[in-house]
Amino acid sequence: MLRSIRHRFKPQEVSRELGALAGKDMEELTSDDILAIRGVYKRFRVLVLGPANAGKTTLLERLSDSPAGAATVTRDGRRIPEVPRGYSQRGAHRITDEITYASNPGFVFHDSGGFEAGADDEIKAVWNFIRKRSSGSPSEQLHAIWLCIPADNSRPFGFLHSGFFSKPTGSVPVIGVFTKLDGRETIELVNLLGADPSPSDIFQSHSRVQQRTTNFIEELQTQFQRLPVPPTAFIRLGNMHKNTEESTAACTQLLQITTDALPTGTLKLLLRITVRNKLRRVKTTTMLQRVLKEAEVQGLSQAV
Ligand SMILES: Nc1nc2c(ncn2[C@@H]2O[C@H](COP(=O)(O)OP(=O)(O)OP(=O)(O)O)[C@@H](O)[C@H]2O)c(=O)[nH]1
Ligand SMILES: [Mg+2]
């Protein structure tokens with residue numbers, strides 16, 4: 001059954017010309033090759049799916065090195081105010097809205113909003129969107145879906161009981177993103193030691209808490225893998241609300257897993273090009289900030 005679904009959606013390169021680039025390494029690409037790939041796809045398009053409070057917006061902000069509220073949201077070509085945190089379920093949000101970040105312009109995101117089990121209309125809207133955007137013009141197509149599954153939720157599998165993953169997503173890979181691992185560790189710690197453990201008990205229980213957290217996630221992952229159309233790959237994220245080396249590394253890992261899951265060589269190249277441009281931009285911004293800081297220290301900021 002699964003094999004036939006996959007076969008039916010056998011991914012194809014958009015054109016013979018792009019297909020010819022597919023086998024190349026990044027280092028082999030000429031600037032004309034890069035222009036050709038970006039000319040067809042424009043931007044890398046991701047749908048972020050998941051229940052309310054799963055950490056979807058936080059993930060996009062971390063990935064884009066952006067503070068809260070920095071997103072540009074566009075509806076029918078016009079900029080609209082970003083939906084404030086916690087309001088995504090109140091009709092202010094549409095899955096077709098395009099979310100971009102000035103610091104990360106090669107990506108465009110769509111947010112499912114926080115739908116819940118039994119919210120059939122919302123789930124239908126998500127499916128309509130996936131169906132429409134899994135084919136058609138390459139620049140409008142979805143390239144990947146990140147399904148955020150909050151590990152600090154006692155029943156994070158719940159919102160999928162509606163049969164959400166009984167349908168294939170065409171050639172768009174779904175990455176299962178377990179979020180808030182740190183929250184699950186806190187829950188496991190309390191389960192193990194009660195609400196008010198001493199610091200030494202916490203220290204001694206560290207590896208047991210981690211083991212219980214791993215067991216919880218692995219059990220969940222097994223449930224997802226039993227779905228008719230399971231996610232292609234999984235990743236575990238924690239402390240993404242903090243801007244740290246770990247959370248930055250986790251974003252890099254998510255992008256690598258996504259690259260591996262993409263169905264065609266040119267889409268893999270598109271994502272690699274997009275990430276490389278983002279890293280160059282971050283480097284330039286960091287350098288600029290350092291220069292400005294030094295200028296400020298020396299009282300030269302006017303001149304700069
Ligand atoms: N402890 C912890 N908190 C997190 C993490 N990621 C996000 N949060 C927090 O969880 C809350 C919800 O995060 P959001 O990113 O707004 O969640 P969302 O999925 O976009 O929620 P909706 O927009 O309502 O659908 C915020 O207070 C975040 O700071 C994490 O990895 N660990
Ligand atoms: Mg949100």
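Reader: Where does aspartate 76 lie?
Author: In this predicted model, aspartate 76 lies in the loop that runs between β2 (72-75) and β3 (78-80).

Reader: Is that residue, aspartate 76, buried or exposed?
Author: Aspartate 76 counts as exposed, because it has 9 C-beta neighbours inside 10 Å.

Reader: What about the phi of aspartate 76?
Author: The phi of aspartate 76 is positive, about 45 degrees, although the residue is not a glycine. Most residues other than glycine have a negative phi.

Reader: Where is asparagine 53, and what is its phi?
Author: Asparagine 53 has a positive phi of about 70 degrees and is not a glycine. Its place is in the loop between β1 (44-49) and α4. Asparagine 53 is partly exposed, with 19 other C-beta atoms within 10 Å.

Reader: Why does asparagine 53 count as partly exposed and not buried?
Author: A residue must have 20 or more other C-beta atoms within 10 Å to be buried. Asparagine 53 has 19, so it is partly exposed.

Reader: Which residue follows α4, and what is its phi?
Author: Aspartate 65 follows α4, and its phi is positive, near 50 degrees.

Reader: Now α4 itself, please. How many of its residues are buried?
Author: In α4, 8 of the 8 residues are buried, so the helix is largely enclosed by the rest of the structure. They are Lys56, Thr57, Thr58, Leu59, Leu60, Glu61, Arg62 and Leu63.

Reader: What do the buried residues of α4 pack against?
Author: They pack against the strands β1, β4 (98-100), β5 (107-111), β6 and β7 (174-179), and against helix α8.

Reader: Changing topic to ligand 1: how many residues surround it, and which are the closest?
Author: Ligand 1 is surrounded by 22 residues, and the closest are Gly55, Lys56, Thr57, Thr58 and Gly114.

Reader: Which helices supply at least two residues of that shell?
Author: Helices α4 (56-63) and α6 each supply at least two residues of the shell around ligand 1. The largest share, 3 residues, comes from α4.

Reader: How does the shell divide into nonpolar, polar and charged residues?
Author: The shell around ligand 1 has 4 nonpolar, 14 polar and 4 charged residues.

Reader: You mentioned α6. Which residue there can we look at?
Author: One residue of helix α6 (residues 181-193) is leucine 193. Leucine 193 is partly exposed, with 16 other C-beta atoms within 10 Å.

Reader: What does leucine 193 touch?
Author: Leaving out residues up to four places away in sequence, leucine 193 touches Asp201 and Ser205. The C-alpha atoms of leucine 193 and serine 205 are separated by 8.5 Å, and the two residues are 12 apart along the chain.

Reader: On to α8. How many residues does it have, and what distance does it reach?
Author: Helix α8 (residues 245-261) has 17 residues and reaches 24 Å from its first C-alpha to its last. That is close to the 24 Å expected at 1.5 Å a residue.

Reader: Which residues of α8 are buried, and which are exposed on the face turned away?
Author: Ala250, Leu254 and Thr258 are buried in α8. They cover an arc of only 75 degrees around the axis, which puts them on the same side of the helix. The face turned away from the buried side carries the exposed residues Glu245, Ala249 and Thr252.

Reader: What lies in the loop between β8 and α8?
Author: Asparagine 239 lies in that loop, between β8 (233-236) and α8. Asparagine 239 counts as partly exposed, with 16 C-beta neighbours inside 10 Å. Not counting residues up to four places away in sequence, asparagine 239 touches Asp182, Thr244, Glu246 and Ser247.

Reader: Finally, the largest nonpolar core. Which residues touch the most other members?
Author: Of the 44 residues in that core, these are Val48, Ile145, Trp146, Leu147, Cys148 and Val177. Strand β6 (residues 144-150) gives the largest share of the core, 6 residues.

Reader: What does tryptophan 146 touch?
Author: Tryptophan 146 touches Val46, Val48, Leu49, Ile175 and Val177, not counting residues up to four places away in sequence.

Reader: And the protein chain: how many helices and strands?
Author: The protein chain has 9 helices and 8 strands. Buried residues make up 28% of its 304 residues.

Terms used
Residues numbered from 1 in each chain as written. Chains lettered and ligands numbered in written order. Predicted model: local features only at pLDDT ≥ 70, side-chain atom pairs only at ≥ 80, totals over all residues. Helix = DSSP H or I, 4+ residues; strand = E, 2+ residues; numbered from the N terminus. Buried ≥ 20, exposed ≤ 12 C-beta atoms within 10 Å, placed from the backbone. Contact = placed C-beta atoms within 7 Å. Near = placed C-beta within 6 Å. Nonpolar A, V, L, I, M, F, W, Y, C, P; charged D, E, K, R; others polar. Expected span 1.5 Å × (residues − 1). Arc of directions from axis to C-beta. Core = buried A, V, L, I, M, F, W, Y, C linked by C-beta atoms within 7 Å.
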